[in-house]
Amino acid sequence: MLLEGTLLARSDVQQDTAIVFIHPAGRLHSLPLPQELARRGAHVFCASTRYPNNDSALIMENVLIDLGQWIRYLREEHGYAKVVLGGWSGGGSVVTTYQAQAEKPTITETPTGESVDLSDLIAADAVLQLNSHISRAALLTDSLDASIIDERDPFRRNPDLDLYGRGNSPKPPYSADFVAQYREAQLARNRRITAWVKERLADAGPNGEVGLSLPFVVYGTMADPRWLDPTLEPNERQAGTSFIGDPSQMNNSSIALGRYSSLRSWLSQWSIDETNTSTVKFGHQVTVPALVLTAGADNGVPVSHADLIMESVSGEVSRHHVAGANHYLRNQPEQLAEAVTTVLDWLQDRDLYAPPA
């Protein structure tokens, strides 16, 4: 198996710490934050997993293994004495779960029963939660279109829950009762899909095949009321936007959150009850220092997720909020500078970064 990674480091600056940026499927070397950290003298390694730019068959436990191989490589081949985990967005739950398993391994198999050996993971020295959410499963569940009543037909809908419907469909600002009803329906939909997935995995194929991880489509995955109603978990985001565009357009587009999945990937990555990769589930096992960085105008990560991360991690935890910042810190030089300075000062205070002479 070939893994790709990009080391961003100035040739005139030596560091004994590597900051490892990770996302389950994203390639992060082009993001402003890792690039600017490297320009300021940090050594930043942007690690790709075995699922670059394609999460349709992604198994989260394999992502943990891939991250472990990168850390071993950086220590043994490049000689870094210390490693800091940089969990960007969807990478936040990855680094939390990785560190938890490195400190105290408890995961021994995937949700579908395949054995997983996480006993030799090398623990990091600190964790960065950078515009992170608590899990991919939680983010998707809160984004599922609750009005869809037939997984085979995205246009069979309950009009009382259709955020994008016409006529008498609900309109923002949404009442607390409506939001509660909507969230309940989203959770029920995630669980219905999970139950169907388990049934399909248990069914034998036409030639007696067992456990085939068939592909399928998940319709309606950009329908979080928060993106339409900024009074829900308010921040500086603009109503009607999301981190991948207009949510009303992306909800049933060909490219969107969790659109394509294999059966096994659903259970490992997207099932709210089955996934092993969760900051809320494993944060209490993390004892190294953690920094939680949040963006004021984030339209990808709900505000409450930072609170949940803070409550979950048991070690020393710090928090910094960058007012006005978007999810990616793109085209925002002032907010980017604040974020970079915050990270580097925090690392320096813990002997994990030395400013260039």
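Two strands are counted as paired if DSSP finds at least two bridges between them. On that basis, this predicted model contains an open sheet of seven strands with mixed pairing, and the order runs β1-β3-β2-β4-β5-β8-β9. Which strands stand at the edges? They are β1, residues 5–8, and β9; each has a single partner strand, so one side of each is left without a neighbour in the sheet. On average, neighbouring strands are turned by 20° against each other, direction ignored.

Let me take one pair in detail. Strand β3, residues 43–47, runs parallel to β2, and five bridges join the two. Within β3, His43 is the bridge partner of Ala18.

I turn now to the helices. Helix α1 packs on the sheet, where it touches β1, β2, β3, β4 and β5, and its direction makes about 150° with that of β3. Helix α10, residues 303–312, also packs on the sheet; it touches β5, β8 and β9, and its direction makes about 165° with that of β9.

Finally, helix α11 covers residues 333–349, which is 17 residues. From first C-alpha to last it reaches 24 Å, close to the 24 Å expected at 1.5 Å a residue. Its buried residues include Leu336, Val340, Val343 and Leu347, and also Trp346. What do the buried residues of α11 pack against? Their partners are the strands β2, β4, β5, β8 and β9, together with helix α1. After α11 comes Asp351, whose phi is positive, near 60°.

How values were computed
Residues numbered from 1 in each chain as written. Predicted model: local features only at pLDDT ≥ 70, side-chain atom pairs only at ≥ 80, totals over all residues. Heavy atoms only, no water. Helix = DSSP H or I, 4+ residues; strand = E, 2+ residues; numbered from the N terminus. Expected span 1.5 Å × (residues − 1). Buried < 20%, exposed > 50% of the residue type's maximum accessible area, 1.4 Å probe, protein only. Contact = heavy atoms within 4.5 Å. Axes fitted to C-alpha atoms, helices over the stretch in contact; angles between N-to-C directions.
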